[in-house]
Amino acid sequence: MRLAGDETRCNAGISLPASLLAAQIGPVGIVARMKSHPSRATLHSTMRHHVFAYGTLRSGEANDLAVHAESRGLPPPRTLGQARVPGRLVDFGGWPGLIDDGTLPGVLGEVFDVDASLLPLMDEIEEHVPGVDGCFVRRSIALQLDGLAVQAHYYPIDTRFLGDAVAIDHNDWIAYRQARDKAALDAAGIE
């Protein structure tokens with residue numbers, strides 16, 4: 001997981017070199033290559049996906065997907081609502097990881113409708129390179145959104161990369177992070 005401005009890193013001490021990410025997605029991403037080919041332009045604008053975001057890709061967070069899309073000149077995601085996926089959260093410090101172990105009631109997150117051009121951007125943020133081991137993997141999951149079954153991409157962690165991540169007893173990263181940060185400020189006597 002890269003927070004805006006961070007170096008490429010992984011908690012287990014394994015680091016993906018930026019050159020590997022660049023080789024996979026290029027300096028401006030796969031989208032630029034798609035847009036440059038006239039026959040792919042329509043395909044680019046009509047391919048849509050659902051994405052479940054539980055951590056820093058959520059609205060207002062460090063890797064807010066809409067902010068990143070705008071900074072790259074990509075179509076913005078459309079927020080569809082909140083949903084839960086089975087699993088539990090761990091705290092890597094600056095970001096969460098979701099362990100896909102079937103735990104209920106599950107982890108709370110936002111569901112977005114996104115243009116296909118955002119998938120390479122999300123892969124870059126999550127340091128996911130297909131075929132290369134890393135902290136985050138992109139998977140598909142069936143979830144319920146307002147009573148409807150929706151298939152969505154999401155990024156649980158590969159548990160081999162847990163390192164020093166701390167299991168947390170909370171199913172909403174934002175509420176947990178805000179309470180954790182407030183407690184740290186209170187303990188330090190900072191208002």
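The model is predicted, so local features need pLDDT of at least 70 and side-chain atom pairs count only at pLDDT 80 or more, while totals for chains, interfaces and linings use all residues. Residues are numbered from 1 along each chain as its sequence is written, and side-chain values use heavy atoms, with hydrogens and water left out.

**Confidence**
- The protein averages a pLDDT (the predictor's confidence in each residue, from 0 to 100) of 82, and 76% of the residues score at least 70.
- Over residues 12–45 pLDDT stays under 50, and the model has 40 contacts (heavy atoms within 4.5 Å) beyond four places in sequence for them.

**D172**
- D172, which is found in the loop between β8 (166–167) and α6 (173–187), is buried (under 20% relative accessible area, with exposed over 50% and partly exposed in between, for a 1.4 Å probe and protein chains only), its own value being 13%.
- Leaving aside neighbours within four places in sequence, D172 is in contact with R58, L89 and L108.

**Aromatic pairs**
- The structure holds two aromatic pairs (rings of Phe, Tyr and Trp, the last by its six-membered ring, with centres within 6.5 Å; planes under 30 degrees apart are stacked, over 60 edge-to-face and the rest tilted).
- F92 and W95 form a stacked pair, at 5.7 Å centre to centre and 20° between the planes, and F92 is buried at 12% relative accessibility, as is W95 at 6%.
- W173 and Y176 form a tilted pair, at 5.6 Å centre to centre and 45° between the planes, with W173 buried at 0% relative accessibility and Y176 buried at 17%.

Terms used:
Helix = DSSP H or I, 4+ residues; strand = E, 2+ residues; numbered from the N terminus.
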